[in-house]
Amino acid sequence: MNYTDKKKFETIKKCVQFGKYEYAQNLMNELLVSGSEDAEVMKQIGMLYIAMGKNNLASVYIRKSFDLEKSVDTLELLARVNFEAGKYDQSAIQFEELIKHIPSNDIYQKCIRSYEHLDLYDEAIRIGKMFNYATDCISSYSDLIFMYISAGMEEEAIDTCRYMEQKYPNQALTNNIFGFLYECIYNDYDKDRKSTRLNSSH
């Protein structure tokens with residue numbers, strides 16, 4: 001980015017800060033018309049649109065930036081803005097790619113939520129299992145249990161509940177989860193199963 005473009009960006013940032021969005025938009029257009037389509041310019045324009053609350057437009061420019069110069073930082077920014085823009089089909093794939101580079105709890109969770117928004121529970125559970133294997137903590141087990149419930153996989157939810165109870169028998173969070181899950185799933189499921197056996201015997 002040359003000196004003139006940098007000065008324009010500083011002006012644009014100030015315009016956005018003080019709510020002068022129309023003027024900021026005009027300056028952005030000037031940059032684009034002048035042929036300043038490099039990765040940094042596209043990324044900065046995208047970030048300015050994020051500041052303006054225009055996530056759909058932001059994702060377009062951040063995507064252009066990523067296509068021009070692929071980097072993990074830009075991919076993360078793209079995944080997050082697509083998630084905020086409701087483009088879950090794109091954010092799911094992008095967060096899954098990010099797991100290879102930034103296997104943080106937040107990246108895993110955003111990937112799982114993206115697939116859940118698409119009602120792709122098999123994919124959400126697949127990532128949930130990866131998350132569970134990577135972290136092996138109470139919250140990862142509880143997340144996996146609720147994914148099983150959402151997908152209608154009661155047997156898997158119950159099995160995971162029982163395993164979690166053995167692994168974390170004295171944890172307060174474990175007890176809270178079981179207070180809810182056993183009542184809603186485990187007890188009701190066993191009652192339904194017993195009722196089915198009784199009905200079938202008549």
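In these legends, a residue is buried under 20% relative accessible area, exposed over 50% and partly exposed in between, using a 1.4 Å probe and protein chains only. This is a predicted model, where local features need pLDDT of at least 70 and side-chain atom pairs count only at pLDDT 80 or more, while totals for chains, interfaces and linings use all residues. Residues are numbered from 1 along each chain as its sequence is written, and side-chain values use heavy atoms, leaving out hydrogens and water.

**View 1. Asp119 sits in the loop between α7 and α8.** Helices here are DSSP runs (H or I, at least four residues), numbered from the N terminus. With a relative accessibility of 54%, Asp119 counts as exposed. Look at its backbone too: phi of Asp119 is near 60°, a positive value in a residue other than glycine.

**View 2. Asp136 lies in the loop between α8 and α9.** Asp136 is partly exposed, at 35% relative accessible area. Its phi is also positive, about 50°, although Asp136 is not a glycine.

**View 3. Helices α8 and α9 (residues 138–150) pack at an angle of about 165°.** Their axes, lines fitted to C-alpha atoms over the stretch in contact, are compared by N-to-C direction on a scale from 0 to 180 degrees, and they are 9 Å apart. That makes α8 roughly antiparallel to α9 (angles over 145 degrees count as such). The contact (heavy atoms within 4.5 Å) includes Phe131 of α8 and Leu144 of α9.

Methods:
Helices (H or I, at least four residues) and strands (E, at least two) are DSSP runs, numbered from the N terminus. Angles under 35 degrees count as roughly parallel, over 145 as roughly antiparallel, 65 to 115 as roughly perpendicular and the rest as oblique.
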